Amino acid sequence: MIRSDLRPVTRTTDGRVAYTDGGTDYVGRTRLQGMILANDGVGAGSVAFYDNTSATGTALLTIDVPQGDVMNIGLPDAGVVFGTGIYVDLTNISRVTLFVQ
């Protein structure tokens, strides 16, 4: 996945994805192309991705992360489009880095 128009964004808690962790410069309509998910080592974890400003509605994508694991995932073809923005719901995840376009 070598693309000059990809931007890495990071979150360490549940919430809307912004261009700076904890910032208010939220990602709007975007295409998720890949991610790095780091489990916090406490137990099995998961990340649910919502096309929304909160964890309401149906998650577009949910990924399980084994205890103590770090996963690097590239999404094939055009990735996943989020029309409103990305909200992540983290369970036993210390950090998520997303590559958005």
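**Close-ups of a predicted model**

**View 1. Asn 39 and its neighbours.** Leaving aside residues up to four places away in sequence, Asn 39 touches Ala 44, Gly 45, Val 65, Pro 66, Gln 67, Gly 68, Asp 69, Asn 92, Ile 93 and Ser 94; contact here means heavy atoms within 4.5 Å. This is a predicted model, where local features need pLDDT of at least 70, side-chain atom pairs count only at pLDDT 80 or more, and totals for chains, interfaces and linings use all residues. Residues are numbered from 1 along each chain as its sequence is written, and side-chain values use heavy atoms, with hydrogens and water left out. Asn 39 sits in strand β3 and is buried, at a relative accessible area of 8% (buried is under 20%, exposed over 50%, partly exposed in between, with a 1.4 Å probe and protein chains only). Strands (E, at least two residues) are DSSP runs, numbered from the N terminus. A polar atom of the Asn 39 side chain lies 3.3 Å from the backbone oxygen of Val 65, and a polar atom of that side chain lies 3.0 Å from the backbone nitrogen of Gly 68.

**View 2. Strand β3 and its partners.** Here 8 of the 10 residues of β3 are buried, so the strand is largely enclosed by the rest of the structure. β3 pairs antiparallel with β9 over 7 bridges; two strands pair if DSSP finds at least two bridges between them. In that pairing, Ile 36 has Thr 97 as its bridge partner.

**View 3. An open sheet.** Four strands line up in the order β2-β8-β4-β5, with antiparallel pairing. β2 (15-16) and β5 are at the edges with a single partner strand each, so one side of each has no neighbour in the sheet. Between β4 and β8 there are 5 bridges, and Tyr 50 stands opposite Tyr 87.

**View 4. Phe 49 and the largest nonpolar core.** This core has 21 residues, and Phe 49 is among those with the most contacts inside it (a nonpolar core is a set of buried Ala, Val, Leu, Ile, Met, Phe, Trp, Tyr and Cys residues joined through side-chain atoms within 4.5 Å). Elements giving two or more residues include β3 (30-39) and β4 (45-50), while the largest share, 4 residues, comes from β9. Not counting residues up to four places away in sequence, Phe 49 touches Leu 32, Phe 82 and Leu 98, among others.

Notes: A polar contact is a pair of N or O atoms within 3.5 Å; within protein, one must be able to donate a hydrogen and the other to accept it, and residues adjacent in sequence count only if both atoms are side-chain atoms.
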